[in-house]
Amino acid sequence: NVSLTELAALEGYNPTYYSEWFKKITGLTPSTYTQKLRLAEAKNLLLETDLPILHIAQQIGYEHHASLTRLFRESEQLTPAEYRQKSRKSVVGKISR
């Protein structure tokens, strides 16, 4: 976890200016960008490993699995476990064709 203040300091900006600059460059706020990175990594770990949801949540920077579940429900309308199950069935269906 890196705070906005730490990111801004790395670039030599104050946090407010950095946040505006970051959004102008990426189209996303730093926190939204970080959430997208976390979600992408969580999806990868859900598909490629059998790690428990709590361990995946911790690996992507959340202390509790509930934070990861909330992120998934907001973006995917599924829990992480449902995403894992649905995605794995989809992959198996493609392989058996």
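Gln77 sits in the loop that joins α5 to α6 (80–96); helices here are DSSP runs of H or I with at least four residues, numbered from the N terminus. This is a predicted model, in which local features need pLDDT of at least 70 and side-chain atom pairs count only at pLDDT 80 or more, while totals for chains, interfaces and linings use all residues. Residues are numbered from 1 along each chain as its sequence is written, and side-chain values use heavy atoms, with hydrogens and water left out.

Gln77 has a phi near 60 degrees, a positive value in a residue other than glycine. Most residues other than glycine have a negative phi. With a relative accessible area of 59%, Gln77 is exposed. The classes are buried for under 20% relative accessible area, exposed for over 50% and partly exposed in between, computed with a 1.4 Å probe on protein chains only.

Arg73 belongs to helix α5. Apart from neighbours within four places in sequence, Arg73 is in contact with Leu78 and Thr79, where contact means heavy atoms within 4.5 Å. The C-alpha atom of Arg73 is 14 Å from that of Ile53, a residue 20 places away along the chain.

Helix α4 holds Ala57, which counts as buried because its relative accessibility is 0%. Not counting residues up to four places away in sequence, Ala57 touches Tyr62, His64, His65 and Leu68. Between Ala57 and Leu68, 11 residues apart in sequence, the C-alpha distance is 5.7 Å.

Ile56 is in contact with Ala42, Leu45, Leu46, Thr49, Leu51, Leu68 and Arg84, leaving aside neighbours within four places in sequence.

Thr49, one of those partners of Ile56, lies in the loop between α3 and α4. Thr49 is partly exposed, with a relative accessible area of 21%. Beyond four places in sequence, Thr49 touches Ile56, Arg84 and Arg88. Its side chain has a polar atom 2.6 Å from the backbone oxygen of Leu45 and reaches the backbone nitrogen of Leu51 at 3.3 Å. A polar contact is a pair of N or O atoms within 3.5 Å, one able to donate a hydrogen and the other to accept it within protein; residues adjacent in sequence count only if both atoms are side-chain atoms.

The remaining topic is the largest pocket, with about 220 Å³ of space. A pocket is an open set of points on a 1 Å grid over the protein atoms alone, where a 1.4 Å probe fits, with protein on both sides within 12 Å along at least five of seven lines; lining residues have an atom within 4 Å of a point. Its lining consists of Asn1, Val2, Ser3, Leu4, Leu7, Pro30, Ser31, Thr34, Gln35, Arg38 and Tyr62. The elements giving two or more residues to this lining are α1 (4–11) and α3 (30–48), and α3 gives the largest share, 5 residues. By type, the lining has 5 nonpolar, 5 polar and 1 charged; Ala, Val, Leu, Ile, Met, Phe, Trp, Tyr, Cys and Pro count as nonpolar, Asp, Glu, Lys and Arg as charged, and the others, Gly among them, as polar.

Note on methods:
Points joined across faces, edges and corners; volume = space filled by probe spheres on them.
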